[in-house]
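The structure comes first, then the reading of it.

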Amino acid sequence: MSSFQDIYRDQPVLVTGHTGFKGGWLGLWLHQLGAVVHGYSRDIPTNPALFEMAQLDSLLHHNIGDVRDLEHFQRVLHQARPRFVFHLAAQPIVSRSYSDPIETMSTNVIGTNVVLEALRSVDWPCAVIMITSDKCYDNVEWVWGYRETDSLGGKDVYSGSKGAAELVIRCYVHSFFKEHHPVRIAVGRAGNVIGGGDWAADRIVVDCVRSWCAGERVLLRSPSATRPWQHVLEPLSGYLALGATLAATAKQHGEAFNFGPRAEQSRTVVELLNDLARIWGHSAPEQAYEIIDQIPFHEAGLLKLNCDKALLGLRWSPVLNYQEAVQMTGEWYRAVLQDKADAQSTSLKQITAYENLAADRNIAWSDSK
C-alpha cells in the first residue's frame with residue numbers, strides 16, 4: 001500500500017524541529033514513506049526523548065543548529081536541496097512562555113522569519129509547510145470551531161507568538177513568493193495532540209506517565225478544561241497531504257489549513273485522564289490523580305477548529321475516533337515502558353496500523369480509492 005500518491009519516495013525532505021515530539025513522529029513517517037530525511041534542530045529538548053528512544057539519528061541526517069541562525073540554516077538548506085520543507089521548530093510549551101517570553105517570541109517569530117528568508121534563495125521546486133498552532137487565533141472561547149478566515153491574535157505570550165508568526169508568513173508570501181518563484185508555501189494549524197513518546201513539560205499525558213511510573217498520583221490544575229484531543233498522526237497526515245497537494249499544484253499556495261479531530265472528540269482533561277488510567281491499569285480514579293485548586297497561568301478553557309477547508313480542499317479528514325487515539329497513546333507507553341518493547345519498531349508499527357486503518361476507511365491520502 002502506498003500513501004500520499006508515493007510523492008515522498010526518494011525525495012529529500014527537510015524537517016525543522018525533528019528532535020521534538022511531532023517532529024520525531026514526522027521523521028519516522030517520512031522515513032517509512034521512503035523519503036531522504038534531513039533534520040535541523042537546536043538540541044534534543046527533553047530527557048527522555050522520542051528522538052533518542054527511537055534512534056532517529058540512524059534513520060535521517062541529523063543537523064544541530066539554531067533556527068534563528070540564518071547563515072547556518074541557509075547552508076544546511078542548500079546542502080540538502082529539499083523538495084519539501086516542514087517547519088516545526090518552535091518553543092511549544094505554554095507555561096515556559098511565561099517564564100521565558102523573549103525566548104518564546106524570538107524562536108517562534110524570528111525563527112519563522114529566518115526560515116522564510118533562507119527560502120528566498122531557493123532556485124529549485126520546493127513545497128513548504130509552515131506549522132503554527134490553533135492558538136494563533138484570537139480566542140474568545142465561543143462554542144464553534146475557528147475557521148482559517150477568523151481573526152488572529154492572542155492574549156498570552158505563546159498565542160501571541162503564533163499569531164505574529166502567521167503575520168510574518170503572510171507578508172513574506174505576498175512580498176517575495178509570487179507566481180514565478182519555485183517555492184510554494186502553505187500553513188498548517190493544529191491543536192493539542194497526544195501520542196507515545198511525548199516527554200515535554202506541562203503536558204497532561206506526560207505528567208500522567210511520569211507520575212504513574214513513579215507510583216504517584218498526577219496533580220490536575222485544570223480538570224474541566226476542554227480540548228479536541230487528537231493523536232499526533234492525525235495532524236501529521238494533514239501536513240503530509242498538504243505537502244503532496246502543494247507540490248502538485250499552486251492552487252493552495254499561500255493558504256492556511258486547520259487539522260483537528262471531529263467535534264464529538266472534545267473531552268475534558270479529567271475525562272482523558274480517566275481513560276488513560278484504565279489503559280494503564282488503575283481501577284479507581286483516586287489511584288490515578290488528585291485535583292488541585294491552582295491555575296498558575298492563563299490557558300484557554302475552550303478552543304476547537306473547523307476543518308471543512310481541509311476536507312474540501314485536500315480531501316483530508318481524521319482517521320481515529322477519540323477512544324482509538326487514547327488507546328494508541330496508552331499502548332505505546334505501556335509497550336515501551338512496561339514491556340520494554342523497541343521504541344522505533346513500536347512507533348513504525350503504529351504508523352503502519354494508522355495507514356491501514358485510513359485505507360479501510362477510504363481516507364483519500366491513503367490511496368485507497
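Which residues in H9 meet which residues in H12?

## Basis

This is a predicted model, in which local features need pLDDT of at least 70, side-chain atom pairs count only at pLDDT 80 or more, and totals for chains, interfaces and linings use all residues. Residues are numbered from 1 along each chain as its sequence is written, and side-chain values use heavy atoms, leaving out hydrogens and water.

Helices (H or I, at least four residues) and strands (E, at least two) are DSSP runs numbered from the N terminus.

## H9 against H12

From H9, the residues are Glu271, Leu272, Asp275, Leu276, Ile279 and Trp280. They meet Tyr322, Gln323, Val326, Gln327, Thr329, Gly330, Glu331, Tyr333, Arg334, Leu337 and Gln338 in H12. Contact means heavy atoms within 4.5 Å. By class, the H9 contact with H12 holds eight nonpolar, five polar and four charged residues. Ala, Val, Leu, Ile, Met, Phe, Trp, Tyr, Cys and Pro count as nonpolar; Asp, Glu, Lys and Arg as charged; the others, Gly among them, as polar.

H9 spans residues 269–280 and H12 residues 322–338; they pack at about 45°, axes 9 Å apart. That makes H9 oblique to H12. Axes are lines fitted to C-alpha atoms, for helices over the stretch in contact, and angles run from 0 to 180 degrees between N-to-C directions. Angles under 35 degrees count as roughly parallel, over 145 as roughly antiparallel, 65 to 115 as roughly perpendicular and the rest as oblique.

## H1 against H13

H1 (residues 21–32) and H13 (residues 343–360) cross at roughly 70°, with axes coming within 10 Å. H1 is therefore roughly perpendicular to H13. Trp25, Leu28, Trp29 and Gln32 are the H1 residues that meet H13. Their partners in H13 include Leu348, Ile351 and Tyr354.

## Covered helices

H7 (residues 204–213) is mostly covered, with seven of its 10 residues buried. Buried means under 20% relative accessible area, exposed over 50%, partly exposed in between (1.4 Å probe, protein chains only). The buried set is Ile204, Val205, Val206, Cys208, Val209, Ser211 and Trp212. Their cover includes strands E7 (193–194) and E8 (218–220), H9, H10 (285–288) and H12. Just after H7, Gly215 takes a positive phi of about 75°.

H8 is mostly covered too: 14 of its 16 residues are buried.

## Tyr172 in H6

Tyr172 lies in H6 (residues 157–175). Tyr172 is buried, at 11% relative accessible area. Beyond neighbours within four places in sequence, Tyr172 contacts Asn113, Leu116, Glu117, Arg120 and Phe177. Tyr172 and Leu116 are 56 residues apart along the chain, yet their C-alpha atoms are separated by 7.1 Å.
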